[in-house]
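Q: I'm new to this one and would like a close look at a single part. Could you walk me through it?

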Amino acid sequence: MFDRRLVYHFDWVLLLTVLLLAAVGIVNLYSATTSWTHGGTPIYLKQTIWLGSGLTIAMLVCLFDYRHLQYLAIHAYIVGIGLLVIVAFHGRATMGATRWINLGFINIQPSEVIKVAIILLFARLLSKISVPQGFAIKDLWRPAFWLVVPTLLILKQPDLGTTVMVVLIALTMLVFAGLQRTTLIWLTILVMVTGVLGWFGLHEYQRARVRTFLHPEADPLGSGYHIIQSKIAVGSGGFFGKGFLEGTQSQLSFLPERHTDFAFSVFAEEWGFAGSLLLLLLYLFLIAWGLYIARRASDQFGLFLAIGVSAMFFWHIVVNLAMVIGLLPVVGVPLPFFSYGGTSMVTMMIGVGLLMNVSMRRFMF
Amino acid sequence: MNFKVKWIDLPIVRRRFYLYTLAVVLVFVLLLLRLWYLQVISYEDLFDRSVRNRTRMLITEAPRGPVYDRHGVLLVDNRPAFQISVMRQDIVQRDELFERLSGLLDVSVEHLEMRWQQGRRLPVYRPVPLMVDVDRELVERVQENSLDLPGVLIEVRPIRDYPEPDAVAHVIGYLGEITEKELRSARSEEYRGGDLVGKVALERAYEDNLRGNKGQQLIEVDVQGRLLRMLQAESPEPGKKIHLTVDLELQKAVVAAFGERAGAAVALDVHSGEVLAMVSLPTYNPAQFARGISSDEWRDLLANRRNPLQNKAITGLYPPASTFKMIVALAALREDIATPDRVIQCDGDLVVGDSRFRCWKHRGHGLTDLKKALRESCDVYFYQVGLELGIDKLAAAAKEFGLGSSLGFSLPGERAGTMPSREWKRRQINEPWYAGETVIAAIGQGYVLTTPLQLAVMTAALANGGKVLKPQIVHRIEDWNNTTTQLFEPELIRQLDYSPAHLEAVNEGMFAVVNDLRGTGHRAQLEEVMVAGKTGTSQVVRRLSDEEEELLTGDELIPYLRRSHGLFVAYAPAENPEIAVAVVVEHGQSGGGVAAPIAREIISRYFHNRGE
C-alpha cells in the first residue's frame with residue numbers, strides 16, 4: 001500500500017534546508033549557553049533531542065495522505081479549544097502567564113495546537129471557494145468566529161505573540177483566497193479599531209514593551225534593556241562577526257533570553273553581517289520553497305495548507321528578526337528551528353511534515 | 001460536473017503567488033537593510049558600546065601628599081575613614097530608609113536629608129555620602145542590618161589627618177568638595193564631581209602637587225556588574241610630599257605664648273627668608289573640614305568676631321605704629337636729616353599748623369637723640385624728622401623694605417597693605433596731602449597698613465644688612481621616591497643701599513629697646529641670647545558699623561574692639577642675627593607689655609631647640 005512514488009517524490013530540498021537551519025541553530029545554542037555553569041543536560045543537546053523528535057513527528061505527518069486531514073481539521077480545532085479552556089483554569093504559570101498544560105509526561109502549549117488547527121481548518125474552508133472575485137464581508141462571519149474564539153482565549157493567558165501569529169496566519173490565508181475591495185477596507189478599519197481598543201486592554205507589561213520600542217533609550221536599564229542590548233550585540237558583530245564563542249554580549253550575559261527569543265542576536269554578533277545574510281537567505285529560501293510547494297499542490301486544500309504553513313514560518317521568522325534588530329516591539333515569538341524550545345520545534349516540524357506531505361503527493365489524484 | 005477552469009489554475013491565483021513571493025523578498029530585503037545599518041554603518045558606535053558594556057573604569061583615589069615641617073615632622077597625612085553612603089539607583093523607599101538609618105546611626109532625618117540634597121549634584125555612579133568618618137561601632141551596626149538597608153554601603157576613603165591641628169591650621173588649610181565652577185575650569189579633566197580639593201592656604205596653593213594622579217582599573221564585568229577579571233590597571237600616583245620651612249615646635253610655642261589672645265606672629269630666618277613660624281589666632285580645627293563640617297560649626301566659625309578662619313599673618317592689616325620708626329630713622333639718616341648726634345627737644349607734643357600732636361609720654365622725653373628716640377619710642381622726635389623728610393621719601397623707603405606691597409608669598413590671599421604718598425592719596429581719594437598726615441605716618445599710623453609678614457621681612461632686612469628677602473614657606477617638594485622635584489632657593493627681592501653706619505645706628509637703638517632698663521621692650525630680654533627689637537602700640541581707628549555699635553551696646557567687647565593693638569618686632573642674636581620675629585596682638589593694648597613677651601618666648605624656644 002505504501003506507494004513507491006512517495007519515496008521518489010520525497011522533498012529532499014525541504015528536509016535539507018530545515019536540517020541545515022536546525023544544525024546552525026544548535027551550534028549557535030552551544031555558543032549562547034557555554035557560560036552556563038549549572039549542571040543538567042546542556043541546552044544544545046536538549047535541542048538536538050527535540051530536533052530528532054520533531055523530525056520523527058514530521059515523518060509521521062507525512063505517512064497519511066494530507067487529504068484525509070481535512071476531515072480531521074474540525075476535531076483538531078475542538079481539541080485545541082478544549083485545551084485552551086483547560087489551561088485557562090488549570091494551567092501552569094511561568095513568567096506571569098499561564099500557557100502550559102501538564103499531561104504528566106510532557107508539557108504542551110494548547111496555543112501551539114490551535115496554530116496548526118487553524119491552518120487545517122482555514123485550508124479546508126478555503127478549499128471550497130471557486131469564485132475568483134473573492135470574499136465579501138458577509139462571507140467572513142464563519143472564519144471570523146473560528147478565529148475570535150481561540151484568539152480571545154490565548155490573549156487571556158496572556159500571550160500576545162501567539163495571538164498575533166494566529167491572526168496573521170489566518171489573514172494571510174484569507175487574503176490569498178481573495179478579498180473584495182470593500183472587505184479589505186472593512187478589515188483595515190477593524191484592525192485599526194482593535195488596535196486602539198486593544199491598547200487599553202493590554203497588560204501593563206505589554207504596553208511598556210510598545211512604549212519601549214518607540215523610545216528604548218528612555219529607560220536603558222529597565223524595559224528598554226532587551227532592545228538596546230540586542231542592538232548592541234547585533235551591531236557590534238560588524239561585517240564578519242566576532243567569531244564563534246567570542247561574542248562578548250552573549251558570553252558575558254548582557255543579552256537576555258539569548259537561547260530563546262534572542263538567539264539570532266548571538267548569531268549576528270558572532271558571525272556578523274556575512275553570517276546573518278546567509279542565514280536570512282536560507283530562511284527566505286525555505287519560505288519561497290513553501291510557496292513553490294503550494295503552487296504545485298495537486299488540489300486547493302493542499303495549496304492552502306502549504307500557504308498556511310509558509311505563512312506560519314514567514315511571520316515567525318519576520319516578527320522575531322524584526323524584534324531582535326529593533327524594528328518591532330518585543331513580543332515573545334521564537335525563531336523557527338533556531339530558538340531553543342521543544343514546543344516551537346514540534347509545531348514547526350508538524351508544519352514541515354504538512355509541507356512535505358503536500359509536496360510528495362503533488363502528482364496523486 | 002461543470003468543466004470550467006479550476007480555481008487553482010486561474011491566472012489571478014497565479015498572480016497572487018508572484019505577489020506573495022515578491023512581498024516576502026521585499027520584507028527580507030528590509031531586514032537585510034536594517035542589518036546592514038546596524039552591522040556595517042553603526043558598527044563602530046555599537047562596537048564601542050559593547051566594549052563599554054562589559055568594561056567598567058574604576059577610579060582609585062590617589063593618596064594626597066603629606067606635609068612635613070623643617071625637621072621632617074609630619075604636619076598632615078591621610079588616614080582611612082569609614083563613610084556611610086547610598087547608591088541612588090538602589091534606593092526604593094527613601095523616606096523609610098532614612099527613618100531606619102536615623103534610628104540606627106543616631107542622627108536626625110533632616111541631617112540625612114540635607115546630605116542627600118548636597119549629594120545630588122554628584123554624578124549618578126557616585127554614591128552619596130551620608131555620614132563621613134564614622135566610628136567602627138556604627139559601621140558594624142550598619143553591616144548587621146544591611147539586609148534592611150538596600151542601597152546603603154560602607155566606603156573607605158582617605159581623609160586628611162592632622163596630628164597637631166591647632167598649630168598649623170592656617171598654614172596647611174583644608175579641603176572641600178570641588179565646586180561646579182571649579183569643575184568647569186580648565187583643569188577639569190583631572191577632577192570629577194565629589195572630589196576633594198584644597199580650598200585655602202597650602203592645600204590650595206599646592207593642589208597640583210599634593211593631588212597626585214588618580215589610578216584606573218579597567219575591569220570586565222558581567223551583567224550583574226560582578227568583577228570577572230582585571231583587564232588593565234594603572235596605579236594611582238600619590239601626591240608629592242611637601243617639606244615646609246616651619247618648625248612645628250616653634251609653631252606650638254607661639255600658640256602657647258599667645259594663650260587666649262588673638263593676633264598673628266611670623267618668625268623668619270634672616271638669611272634665607274624661610275618662614276620658621278607663622279601663626280594666626282584664634283585658630284580653627286581643620287579636622288572639622290576633613291570629616292565634613294556641619295552647617296552649625298561653619299556658622300559659628302563665620303560669626304566669630306575674632307575671625308578664626310582668617311590667616312592674620314598675611315591678610316591682617318595693622319598700622320605698624322612705632323615699629324615703623326626704624327624706617328623713618330634710616331630714611332632720615334640717609335638724607336642727613338637725623339644724624340646720630342642730632343638732638344631734638346621733646347616737650348610732649350608738636351604743633352603743626354592748627355593741630356597739636358602729642359607724644360605718647362605726655363611729660364615729654366626732653367633732649368632726645370636717635371638712639372633714645374628709638375629706645376623710648378619718642379613720637380615727637382619722629383614727628384619732627386618725618387616732617388623734614390616729607391611723605392614721599394618716607395613712602396619710598398618703606399616700599400623698599402617691602403611695606404605696602406605684596407611680597408609674592410606662596411600662600412594665597414596675601415594682602416598688600418598701604419603705604420600712602422601724595423600720589424597715592426590723589427589717586428585714591430583725590431585729595432591733596434596734608435602735613436599733619438605726614439606727622440601721623442611718621443609714627444606708623446594713619447593710612448599706613450602692613451601685614452605681620454611684611455613687618456617680619458622688614459625686621460629681617462634690618463638684621464641682615466639690608467637684604468629684603470622673599471619670605472618662603474615651602475622648602476622643597478619631593479616625589480614618592482624622596483627625590484626632590486622642586487627646591488626653593490632663597491630669593492633676594494632687593495639689596496638696600498644703607499651705609500653700615502646708618503644700619504648700625506638703628507640696630508643700636510633696637511638693642512637698647514630691649515636691653516636698656518629704660519627701653520620700652522625690656523620684657524623681651526633673654527639671658528641666653530641678646531635680643532634687639534621695637535615695640536609698637538597702634539591705635540584702633542576703625543569705625544564700628546552702626547550694626548556693630550548696636551549689637552555691642554553693653555557688651556564687654558566694645559572696649560575690646562577699641563583697645564589698641566600691641567606690636568613687637570625683634571631679631572636675635574643682636575650681634576649676629578639669625579631669626580626675625582613680628583608679633584601682633586589684636587587689642588593687646590601695649591606692644592611692650594603683651595607682644596614683647598610673646599616674641600621673647602618665640603626667640604627663646606628657637607634657641608632652645610637649636611641648642612639641643
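In strand 15 of chain B, which residue is the bridge partner of Asp349(B)?

A: It's Arg358(B) that partners Asp349(B). A quick note before going on: this is a predicted model, where local features need pLDDT of at least 70, side-chain atom pairs count only at pLDDT 80 or more, and totals for chains, interfaces and linings use all residues. Residues are numbered from 1 along each chain as its sequence is written, while chains are lettered from A and ligands numbered from 1 in the order in which they are written.

Back to the strands. Strand 14 (residues 349–352) of chain B and strand 15 (residues 355–358) of chain B run antiparallel, joined by four bridges; strands pair if DSSP finds at least two bridges between them. Strands here are DSSP runs (E, at least two residues) and helices are too (H or I, at least four), numbered from the N terminus. Two residues sit between strand 14 and strand 15 of chain B, making a hairpin, and Gly353(B) in the turn has a positive phi of about 60°.

Now for a pair of helices in chain B. Lys325(B), Val328(B), Ala331(B) and Ala332(B) in helix 14 of chain B meet Phe382(B), Val385(B), Gly386(B) and Leu389(B) in helix 16 of chain B (contact means C-beta atoms, placed from the backbone, within 7 Å). Sorted by class, this contact has six nonpolar, one polar and one charged residues; Ala, Val, Leu, Ile, Met, Phe, Trp, Tyr, Cys and Pro count as nonpolar, Asp, Glu, Lys and Arg as charged, and the others, Gly among them, as polar.

Technical notes: Two residues are in contact if their C-beta atoms, placed from the backbone, lie within 7 Å.
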